[in-house]
Amino acid sequence: MNLPDPVVHTSGAVEVAPDVLVIPNEHVGLVPNIGIIGGTEAVLVVDTGLGRTNASDVRAFAEEVARGRRIHLTTTHFHPEHAFGASAFENYVVNRAQAEDLRRKGSGYLEMFRGFGGAVAQRLADVEVPVPDEVVDGVHVLDLGGRTVLLRPTGRGHTLGDQVVEVPDAGVLFTGDLAETGQFAIFPWFPPHDTDVSGLAWIAVLDGLIASGPRIVVPGHGSVGGVGVLQGVRDYLGELRDETWRRRDSATGLDEIVAEVRAVLVGRHPEWTGQEWIEPGVSCLCAEQPAR
């Protein structure tokens, strides 16, 4: 597999609200959008990039921004490009379900990503599964000084330990891979090793986030936007569910369902990347269809 080097370019950082910066992924695979949120006393970094070198660059940039303020780290979920640079930071805080994801599945994902070879494997060569410094339950209020940030676990969706990061005074929401733009939703459905993703629960999570009315939405990958980012993913997941279940009801075989649903959805969204995620999405939703 010849993937581009997932390098984080901190020089591209943009301010999306006062003292809220995003290091954009620049539409490069396995590069997340990374957040830096400042208060008067501390700074919070959201996600690390893949591997320690990327994370060290992010840490150095955050130190420039912080100018002596304390630096905290949180991650939106446990997948390697979001969390597997955490050893470059102190004060790494996550919710309990995400900590459990790291403990149970981190080593398997580390080996899977190393299996991609090339630059991805090189960036993970010296990486160990991160261990959080602080594990919290429920919604965690982080006081950065004059600004509170909410670390809100959403429950099962893209993963069991998904967490959104809310900056209430700025109306900013970091979603991790609960939302992307310009690509088909990522379904990490890898039976029997990982079947924690839930299309139905994911839809419900997005409904709640849409209702909260964020002004600025920072997706896990893709362009920053408004609440329409969430609505677009919600609409797609509804399409995926409906097209899958319609064919499942007719007792069509899984391979044929995948081919038909893929054709329909690619026809509707021909410009989107990540077509490989349609098949596991169909498989996941087939498994979640209520019995009749």
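**View 1. Cys-286 is buried, with a relative accessible area of 9%.** Buried means under 20% relative accessible area, exposed over 50% and partly exposed in between, with a 1.4 Å probe and protein chains only. The model is predicted, so local features need pLDDT of at least 70 and side-chain atom pairs count only at pLDDT 80 or more, while totals for chains, interfaces and linings use all residues. Residues are numbered from 1 along each chain as its sequence is written, and side-chain values use heavy atoms, with hydrogens and water left out.

**View 2. A search of the whole structure finds zero disulfides (pairs of cysteine sulfur atoms within 2.5 Å).** Cys-284 is in no disulfide, and the nearest cysteine sulfur, that of Cys-286, is 9.3 Å away. Cys-284 is buried, at a relative accessible area of 0%. Cys-286 is likewise in no disulfide.

**View 3. The largest nonpolar core has 35 residues.** Such a core is a set of buried Ala, Val, Leu, Ile, Met, Phe, Trp, Tyr and Cys residues joined through side-chain atoms within 4.5 Å. Ile-36, Val-45 and Phe-89 have the most contacts inside it. At least two residues each come from β2 (20-23), β3 (34-38), β4 (42-46), α1 (51-66), β5 (70-74) and α3 (96-114); helices (H or I, at least four residues) and strands (E, at least two) are DSSP runs numbered from the N terminus. The largest share, six residues, belongs to α1.

**View 4. Phe-89 and its contacts (heavy atoms within 4.5 Å).** Apart from neighbours within four places in sequence, Phe-89 touches Val-45, Thr-48, Ala-55, Val-58, Arg-59, Ile-71, Leu-73 and Asp-133.

**View 5. A second, separate core has 33 residues.** Among them are Trp-245, Val-261, Val-282 and Cys-284.
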